[in-house]
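Hi there,

Here is the structure I promised to pass on to you. Have a look at it first, and then read my notes below.

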Amino acid sequence: MIRKLLGAAAVLLLANVAVGQEPVPEPPRVGTITIRALDVFSPEEAARGWLYRTANAVRFNTRESVIRKFLLFREGEVFDPLRLDETERNLRVLPFLKSALVTAGKPHDGVVDVEVITQDAWTTEPGISFGGKGGVTTYGFDLKEKDFLGTGRTLSIAYDKDAERSNRSFEYIDPYFLGKSYVLGDFLYANNSDGEEERVAIGRPFAAFSSRNSASILFDHLTLSNRIFARGDTLSRYHQHHTEGDAEYGWAIAASETRAQRGFVRFHAVEDRFYLLRDSPAPVLPDDRLFRFVTVGYQDIQNDFLKKNFVNRAERFEDFNLGRSIDVEAGVSPSAFGA
């Protein structure tokens with residue numbers, strides 16, 4: 001009987017203690033994310049004349065799905081205002097956006113709704129050149145579109161005719177290569193009158209202070225013909241084969257939303273081979289060059305960004321990190337690697 005009374009008393013005591021304790025509130029989560037992609041020219045700017053309205057009408061606005069790829073937060077995740085700030089900064093550096101604003105609404109029902117407002121930049125860049133050099137007429141044209149069909153991808157074509165050679169090139173840049181957020185793919189092919197170039201670069205940077213790793217690779221191959229001059233005359237004609245490769249990996253030693261300590265390791269190789277052309281007046285060649293660099297690095301950076309307008313560009317907000325930054329890098333190109 002006594003044991004039953006003591007057990008009942010213990011149960012009542014524990015119940016009273018539990019009732020008296022206040023439950024720990026759960027952190028709010030990200031609610032609805034609303035994307036608003038604005039035209040190049042605002043309604044106030046479009047009211048100035050038909051040229052502004054035509055510019056808005058003839059181009060494709062950046063798609064909402066593209067903007068979402070660069071958000072560092074998702075619906076249902078724990079709400080972190082610093083992630084909103086980092087997202088806003090990342091959006092501002094995209095070449096197809098003129099401005100970006102990421103704001104949080106008032107908390108309700110345990111969630112915080114977020115609104116992302118972006119304004120497109122004018123992304124079509126034509127160019128033409130004409131002149132003369134050494135008695136030879138030179139000319140060229142290029143056309144670059146940095147938001148092709150509203151996808152955020154860049155397409156560029158160019159043709160140049162100078163005193164030495166003519167060059168035709170095509171470049172494609174994808175800021176979310178293979179659909180992966182923050183994976184940049186850059187591909188270039190150039191066909192010259194005396195050679196060609198192929199370049200591939202793929203990289204994923206540290207998109208946020210709390211990111212765990214980064215990686216990048218590059219391969220570049222270039223062939224062209226050159227000359228060595230002596231007293232205004234051609235002394236030698238030769239063909240150059242240039243090959244370059246680069247691979248880098250970075251990892252977070254310690255990372256938070258306010259500070260990041262990172263390590264890097266990089267391998268960089270450069271090779272230039274020179275071959276005498278049959279019509280060369282003299283057998284004079286540059287020495288072949290071969291380098292193999294192994295580099296290690298360390299970075300310690302703090303998050304203390306300041307957003308200011310009218311600094312380097314009018315009516316354009318820019319971000320400046322006033323936090324402490326320490327970068328150390330050391331590399332070697334030993335002869336054991338064939339350098």
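To start, is Trp251 buried, partly exposed or exposed? Trp251 is partly exposed, because its relative accessibility is 36% (buried means under 20% relative accessible area, exposed over 50%, and partly exposed in between, with a 1.4 Å probe and protein chains only).

Before going on, please keep in mind that this is a predicted model, where local features need pLDDT of at least 70, side-chain atom pairs count only at pLDDT 80 or more, and totals for chains, interfaces and linings use all residues. Residues are numbered from 1 along each chain as its sequence is written, and side-chain values use heavy atoms, leaving out hydrogens and water.

Now for the surface. Trp251 belongs to a nonpolar patch of about 680 Å², together with Tyr249, Ile253, Val265, Val296, Tyr298, Ile326 and Val328. Such patches are made of residues with over 30% relative accessible area and no salt bridge, with nonpolar side chains (Val, Leu, Ile, Met, Phe, Trp, Tyr) joined within 5 Å and like charges within 9 Å. A salt bridge here is a side-chain nitrogen of Lys or Arg within 4 Å of a carboxyl oxygen of Asp or Glu. Strand β11 (233-255) gives the most to the patch, three residues; strands are DSSP runs of E with at least two residues, and helices are runs of H or I with at least four. Ile253 lies in β11 and is partly exposed, because its relative accessibility is 48%.

Next, the aromatic rings. The whole structure holds eleven aromatic pairs (ring centres within 6.5 Å; planes under 30 degrees apart count as stacked, over 60 as edge-to-face, the rest as tilted). Phe70 and Tyr176 have ring centres 6.4 Å apart and planes at 80°, so they are edge-to-face. Phe70 sits in the loop between α4 and α5, and Tyr176 in the loop between β7 and β8, 106 residues apart. Both Phe70 and Tyr176 are buried. By contrast, the rings of Tyr249 and Trp251 are stacked, because their planes are at 15°, with centres 6.3 Å apart.

Happy exploring!

Key:
Accessible areas come from the Shrake-Rupley method with a 1.4 Å probe; for residues, only the protein chains shown count as cover. Rings of Phe, Tyr and Trp (its six-membered ring) pair if their centres lie within 6.5 Å; planes under 30 degrees apart count as stacked, over 60 as edge-to-face and the rest as tilted.
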